[in-house]
Amino acid sequence: MKSGIVHAACALLILMIGMNAPLQAAETPTDLPGDSIYLLDLGLVDQDSRASKLSDLRGRPVLIAMFYTSCKYACPLVIDTLKSTAKALPDDARARLRIVLVSFDPQRDTPAVLKAVSAERHIDLAHWTLARTDEAGVRELAAVLDVHYRAVMNGDFNHSSTITLLDEQGRIAAHSDRLGEPDPDLVASVRRIIAAAP
C-alpha cells in the first residue's frame, strides 16, 4: 500500500494534464476535491456500447485496474484477483462496490470484444464495467493510476498490474500490486472506505 504522498502527486499530475487540455465547459463536476481522478475529462465506452465519463463513477467506492482482453498472463490474474477481493467482502459491502477494467488496447478491444470476455469470464455486469477509451485517455488514466505500460511488436503490452481503490469522490485510497489472492490490506481499505461513505 502506498503512502499519502501519492495523493499530492496525483493532484499535481491531474492539474498538469488539465492545463494541457483544451477548456471544456461543464465536462466534469466542479465540486470535486483537487486530488480526485474524476477531474480528468475522460470518456469511456463500455461493453454495451454505452458512452460515459470517468466522473460518472462518482458516488460509490470503485476498484479500478487496466487490462487488455488478448492478454494471456497477468490480465486474467487481475480479473481473478478482483473477483476474490470482492468475494472477501461482506454481502452489503460487495453490493456497494463498483469494479472497473479499462483497456490498454482501444484498437482491438471493441465493445463486442469486451462483452464477449465478460461472458467468457462470468463477470457480473451488475457490478462490473469493462470499458475502452482512446489512446490519449489510456495514457492519462495510466499516469494517474501509476500504471506503467508499453506496446511491444507482437501487439501485446508490457504493463504493471496495479489495482486501485477510489473513494466515492474519486480520490485514491489504496493501491495493490498483489495478484492471485486478495490483498488483506486492500480488503481492509475497501471495508473502511465503504463504512465511511455516506
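What follows is a short chat about a sheet, a pocket and a pair of rings in a predicted model.

Reader: Before we start, what should I know about the numbering and the model?

Author: Residues are numbered from 1 along each chain as its sequence is written, and side-chain values use heavy atoms, with hydrogens and water left out. As this is a predicted model, local features need pLDDT of at least 70 and side-chain atom pairs count only at pLDDT 80 or more, while totals for chains, interfaces and linings use all residues.

Reader: In what order do the strands of the open sheet run?

Author: Strands (E, at least two residues) and helices (H or I, at least four) are DSSP runs numbered from the N terminus, and two strands pair if DSSP finds at least two bridges between them. Here 7 strands line up as E2-E1-E5-E4-E3-E8-E9, with mixed pairing. Strand E2 (51-53) and strand E9 (172-176) are the edges, each pairing on one side only.

Reader: How do strand E3 and strand E8 pair?

Author: E3 (residues 62-67) and E8 (residues 163-166) pair in the antiparallel sense over 3 bridges. Ile64, for one, has Thr164 in E8 as its bridge partner.

Reader: Which strands does helix H2 touch?

Author: Contact means heavy atoms within 4.5 Å. Helix H2 (residues 74-87) packs on the sheet and touches E3, strand E4 (98-103), strand E5 (128-132) and E8. Helix H5 (residues 135-145) also packs on the sheet, touching E3, E4, E8 and E9.

Reader: Which element gives the most to the lining of the second largest pocket?

Author: On a 1 Å grid over the protein atoms alone, a pocket is an open set of points where a 1.4 Å probe fits, with protein on both sides within 12 Å along at least five of seven lines; lining residues have an atom within 4 Å of a point. E1 gives the most, with 3 residues. Of the 13 lining residues, Asp46, Ser52, Leu57, Arg98 and Thr129 are the closest to the pocket's centre.

Reader: Why is the ring pair of Phe104 and Tyr149 tilted?

Author: A pair of aromatic rings is described by the distance of the centres and the angle of the planes. Rings of Phe, Tyr and Trp (its six-membered ring) pair if their centres lie within 6.5 Å; planes under 30 degrees apart count as stacked, over 60 as edge-to-face and the rest as tilted. By this rule there are 4 aromatic pairs. Phe104 and Tyr149 have ring centres 5.1 Å apart and planes at 35 degrees, so their pair is tilted.

Definitions and conventions
Axes fitted to C-alpha atoms, helices over the stretch in contact; angles between N-to-C directions.
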